[in-house]
Amino acid sequence: MSALLAAVSADSDQFVAQNVFFGVIALLMIVSALKVVTTSNVVHAALWLVLVLAGAAAQFILLGSEFVAVTQVLVYIGAVVVLFLFGVMLTRASMGDDETAAGEKRVMAAVVAGLLLAVMSVALIDTFADDRVVIDEPQLVSTVADSIFSQYIVPFEAVSVLLLAALIGSIVVARKD
Amino acid sequence: MLLNQFLLLAAVLFCIGVYGVLVRRNGMLVLMSIELILNSVNINLVAFGALTDDVGGEVFALFTIAVAAAEVGVGLAIVLLMYRNRRSIDLSEADLLKG
């Protein structure tokens, strides 16, 4: 957290507006993400998840990737969160648990996550000490489209087949016999 | 903007997601924590794409979004099946394979 703030303030003289927006959105995302993993109400967790995903879309716009930002809003906020709310509705009887998670387990999970964060932060700060992202102009949608349908056509088709397989698979798994 | 500020934000979100996966017992909430993890990876991909000025980062972020959507679909189907069979989505009760 403090490393993040230090990184933000390091070059605030150059891109003041971007850094202020980044800081505000990043803070919102982190607080919302903590709420997602700590709140005991499943519906509230899904709604906090919406805030995290919207914040990620804002970060994509800050990085000049408008198409990814729009797709994020469409697919994640529009489809995935609705799917979660449907899931909550269909499994309503078992809501409001997680108060029962053992304190010891909680501490161990926090230690694991904290250690992971420490290792990753040290590695990142050591490797990308002051690499800067310079965004002259947003990445055009036509560039992304050209790239998907020429250079990345095989992975694109593979993802299409994967989506079809997941669709059929989830119908087969969830079907009532 | 520094590259590191995006990467550190993604690392924080990733670790919060890992904490959620480890601590949550409700299947739906574990799936939501997995979404946090996948989303932090997307931030990394787009940030590296912007650093190298290569469109590949964005394209792979889009692929990750598609894979995450497929994962949520299958995961929810499994949680629903578990609920239908056991009337509970507490993952600590799903220990049929425990030796």
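Helices (H or I, at least four residues) and strands (E, at least two) are DSSP runs, numbered from the N terminus. By that count chain B has 3 helices and 0 strands, and its elements run α-α-α from the N terminus on. The radius of gyration of chain B, taken over C-alpha atoms, is 17 Å, well over the 13 Å that the globule rule (2.2 Å times the number of residues to the power 0.38) gives for 99 residues, so chain B is more spread out than a compact globule. Its C-alpha trace spans about 50 × 25 × 20 Å along the principal axes.

This is a predicted model, in which local features need pLDDT of at least 70 and side-chain atom pairs count only at pLDDT 80 or more, while totals for chains, interfaces and linings use all residues. Residues are numbered from 1 along each chain as its sequence is written, and chains are lettered from A and ligands numbered from 1 in the order in which they are written.

Chain A comes to 7 helices and 0 strands. The table sets out burial in the two chains; a residue is buried if 20 or more other C-beta atoms, placed from the backbone, lie within 10 Å of its own, exposed if 12 or fewer, and partly exposed in between.

| Chain | Residues | Buried |
|---|---|---|
| Chain A | 177 residues | 27% buried |
| Chain B | 99 residues | 57% buried |

Two residues are in contact if their C-beta atoms, placed from the backbone, lie within 7 Å. Among contacts in chain A between residues at least 6 apart in sequence, 53% join residues at least 24 apart. In chain B, 46% of the contacts with a separation of 6 or more come from residues 24 or more positions apart.

The contact between the chains takes 81 residues from chain A and 60 residues from chain B. Helices of chain A that each supply at least two residues to it include α3 (42-62), α4 (66-90) and α5 (103-127). The side of chain A that touches chain B has 57 nonpolar, 16 polar and 8 charged residues. Here Ala, Val, Leu, Ile, Met, Phe, Trp, Tyr, Cys and Pro count as nonpolar, Asp, Glu, Lys and Arg as charged, and the others, Gly among them, as polar.

One helix pair links the chains as follows. The axes of α2 (residues 16-38) of chain A and α1 (residues 3-23) of chain B come within 9 Å and cross at roughly 5 degrees; axes are lines fitted to C-alpha atoms, for helices over the stretch in contact, and angles run from 0 to 180 degrees between N-to-C directions. That makes α2(A) roughly parallel to α1(B), a term for angles under 35 degrees. Among the residues that make this contact are Phe22(A), Met29(A) and Leu34(A) of α2(A) and Leu9(B), Ile16(B) and Tyr19(B) of α1(B). The residues of this helix contact divide into 14 nonpolar, 2 polar and no charged.

Note on methods:
Angles under 35 degrees count as roughly parallel, over 145 as roughly antiparallel, 65 to 115 as roughly perpendicular and the rest as oblique.
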